[in-house]
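Here is a short tour for anyone meeting this structure for the first time. Take a look at the sequence and the model, then read on.

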Amino acid sequence: MRLVTTRSGRREPAGHRAPRPLLGRRPERERLRDLLDSAHAEAGTALVVHGEAGVGKTALIETTLAELPPVRTLRADGTEFETALAFAALHQLVAPLLNTLDALPEPQRQALAVSFGLETGPAPDPYLVGLAVLSLLSAAARDEPVVCVVSDAQWLDRSSARALSFAARRLAGTRVAILLELRGTDRLGDFDALPALAVEPLPDHDARALLLSALPTPLDEQVRDRILAEARGNPLALLELSAASDPVETAGGFGVPAGDTGRLESLFRRRLAGLPAETRRLLLLAAAEPVGDPVLLWRAAHRLAIPLTATVPAEDTGLLHVDVRVRFRHPLVRSAAYRAASPTERRRVHAALAEVTDRRRDPDRRAWHRAQAAAGPDEELAAELIRSAGRARLRGGLPATAAFLERAAALSPDPDRRADRLLDAAQCWLDADLPDEAHRLLSALDEPALHPRSRARHAAVRGRLALSVRHFLDAVPALRQAATLLESVASPDAPEAHLDALLAAVMAGTGTEQPRPATTVPSTTTGLLLSGITGILDGHRVQATPRLRAALADTKAPVWTPRPLLTALVALEMWDLSAYEQILGLNAERARTAGALTLLPQTLEALAGAAVATGHLGRAEQLRDEAADLGSAVHDSPANYCGLYLKALRGPRDTARAAIEETRRDAAARGEGLLVGYSYLAGAVMNNGTGDYADAITAARSAWEVIPFGFTGMALRELVEAAARDGQPQRGRIAFAALRERTRAAGTAWALGTEATCAALLAEGQIAERHYRTALDHLEQAGAGLERARTSLLYGEWLRRQRRRGQAREHLLAAHDAFTALNIDSFAERAARELRATGQRTRRGKASVTVAELTPQETHVGRLAATGATSKAIAAQLFLSPRTVDAHLRSIYRKLDISSRRELWGTILDNGGRNAMAG
């Protein structure tokens, strides 16, 4: 995009026209001014300006920009005919900044270069591309604010939309504003989470003033009132109707009600119908050529024998403007010109555009034009589209890949190839987090008519589709069918398919009902997991445990990377805290380094669970909050396992109970049995903390009955404590027997320490004391900080009941201090009650009220800064710009009344917060 400097000093695209004077819109203009002022004040933000076609969104933006001090303005236009070209709009927007590409951190530089086709490399995560755009814009705004204006954002290619949405949500602390002009009144698509400004039709008095200002001659009052009534405050309709040559005809009812895009487009069609045939053909050609390249336009026009003079009537009527760019008066003119033509005429202009498009410099756009020109099946053309799909995939443009594949399928004469290409497209739509598109293609296929391998793929995509929308009971039979079909054709993918089906069954709470593979599984990590998990579910724990232990020992196996929940479940089943942290920590680091933002939220959520077990609750909160933040940004929020457990531990009780019950209802409605069971486990923890042991028994028993794998041992541990403290030792012994079967097989320090704690609860005298001491030793060795604190509390309670008050105080004070530092009020109060019974006053930890005022993002930044991390390092870890990090630090200093990073260590990491960075 070539930029020119206007008289106001702002840089604009060449050929950009000054906006028409704007009537009214004061509140909307003030909202835009506030947003643009925020960019000057290093408080960058984004705004979606949306409304019906012709309502004046563009005029509002341009008028407001013209009234403010000069800024650097970057522009991009969404085009209906370029939605299949990956990152096309994003490239248009940031093209003027690409000379600074080398200044970006290497992963971001490479992601942007690959996505724009400037170099080859691994396909980048679309959200890493968004982060690179954020860095590019932030750097460009160092000297002057940058305003990005994206017109017709509803037509952005999905890759560009995703990347822009991610960047737009992380502008805080930058001098960047993003304005997205979008046609529509309800759904904002990828931009749903951004602030929005709805532009409504003009009120009557402004509509009348606009009409009068546009009329070249006085108009009969009845005609004028009829135009106003028909236009219903839509400025474009008013201006177009006022330009009608025949006032009588205008009064006859050709106005357009606001919000009716079809009728507004039909108004332009009427104007087009009055133009010469060669002008209409030129407008159709311009409509089909989305780049706006006049050289390309005239080359194609020459092939179609359209004379140069054909442009004159279009320019005289203001419908088209041609200089260094080809621009329509309004996108609806483009739509009208294209839709008014017959299919034969459209194919002719696309064929001409394909002939004049350079096959080496722009092979994908050429292939797309050729595809639009095709009148029937053409395998050679389908193969060309497949090559374009491959290039789009390498650039990380999954929606574009799917679009090329779908068009290739439509042109495929062979039914089997057509089916396979549609399945490829459906998988791409699913990978791009567009399940509705995937479902549309799957529904178009006749599954029984497919050959077995394609039927297996169809079932696999159906299963993954069900998982993506969290319909677990629907996912299980589909994934099971896929695994069985792959096994029947001896596919090497069968073990992984069986593992996915098994994991889905565990998540649905139906793991024990899952059929087993018909053949012997391979001795790979995947095979070990498959045979180990099925062995546990079948009750063969002794034989299964060594297999799962061997699988966990292969910490770098690829099978773990896309399955963070499986990692957590297997580690918990094996009571292996070291593998839990190591595997998930390694995969989180890999995801950060590679910029795999799509996978990272699920990995961080699972890793947060390990931080809870080690007693590093500050770190767990940080990981959970980051997972939620990134999950929201990438439209894939992880299930809130860790957050629910933290609520159960920390309360307040009413809040925790409400969250537990809401989670249970939602999970039950989706058929997510594992999360239902986990909600019962959280309830048991909450009730044990507050001493409501009867309720804890009910919740823990329900968790034991529902959870098939992973969290079962935790549920049994809660049941033993609740039963022992509620005077039901026989119930406790039954649960303990089931627990000991698991802990003895695992044999880890964490397992043996938990077993010893529960054994102590059911024992008496010296035997109980020996078990408590054994438990504390094992749990310290395991690094299981939370369970060790709970065991200290139980031991202190036991000692106090034995009237050994001095020894009881030692353990109760240790437990109380640990729970206070971790902000676990319910267990801390239990310890405090016991201490008071020994005659000991409790020590109060230092309050951190001011720290509580920090936002989750500020807390993340502050904790990392307190450990000495630079702004650049923090930005890389949290996927922010360095300027945003600095802005957060300034806010932190102000809220905490400190002046430097050195003071953060004693403030934000105080009162147990140092645990946030431990481990």
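## Starting with the cysteines

Is C148 buried or exposed? C148 is buried, with a relative accessible area of 0%. C758 is in the buried group too, since its relative accessibility is 0% and the cut-off for buried is under 20%. As for disulfides, the count comes to zero. Keep in mind that this is a predicted model.

## The whole chain

Stepping back, the protein chain has 919 residues, and 56% of them count as buried. Its secondary structure comes to 45 helices and nine strands.

## F166, a residue in helix 6

Now zoom in on F166, which you'll find in helix 6. With a relative accessibility of 0%, F166 counts as buried. So what does F166 touch, once its neighbours within four places in sequence are left aside? The list is Y127, G130, L131, L597, L630, A633 and F879.

There's also a pairing in space to check out: F166 and L134 sit 32 residues apart in sequence, and their C-alpha atoms are 8.6 Å apart.

## Helix 19 and what covers it

Helix 19 itself runs over residues 398-410, which makes 13 residues. From its first C-alpha to its last it reaches 18 Å, close to the 18 Å expected at 1.5 Å a residue. Which of its residues are buried? They are P399, A400, T401, A402, A403, F404, L405, A408 and A409.

## Helices 21 and 22 side by side

Two packed helices are described by the angle between their axes and the distance between the axes. For helix 21 (residues 435-443) and helix 22 (residues 452-468), the angle is about 150° and the axes are 10 Å apart. That angle makes helix 21 roughly antiparallel to helix 22, as angles over 145 degrees count that way. Their crossing is left-handed.

Where do the two helices meet? On the helix 21 side it's P435, H439 and L442. On the helix 22 side, look for H458, V461, R462, L465 and S468.

Notes:
Residues are numbered from 1 along each chain as its sequence is written. This is a predicted model: local features need pLDDT of at least 70, side-chain atom pairs count only at pLDDT 80 or more; totals for chains, interfaces and linings use all residues. Side-chain values use heavy atoms; hydrogens and water are left out. Helices (H or I, at least four residues) and strands (E, at least two) are DSSP runs, numbered from the N terminus. The expected span of a helix is 1.5 Å times one less than its number of residues. Buried means under 20% relative accessible area, exposed over 50%, partly exposed in between (1.4 Å probe, protein chains only). A disulfide is a pair of cysteine sulfur atoms within 2.5 Å. Axes are lines fitted to C-alpha atoms, for helices over the stretch in contact, and angles run from 0 to 180 degrees between N-to-C directions. Angles under 35 degrees count as roughly parallel, over 145 as roughly antiparallel, 65 to 115 as roughly perpendicular and the rest as oblique. A crossing is left-handed if the near helix is turned anticlockwise from the far one by less than a right angle, and right-handed if clockwise. Contact means heavy atoms within 4.5 Å.
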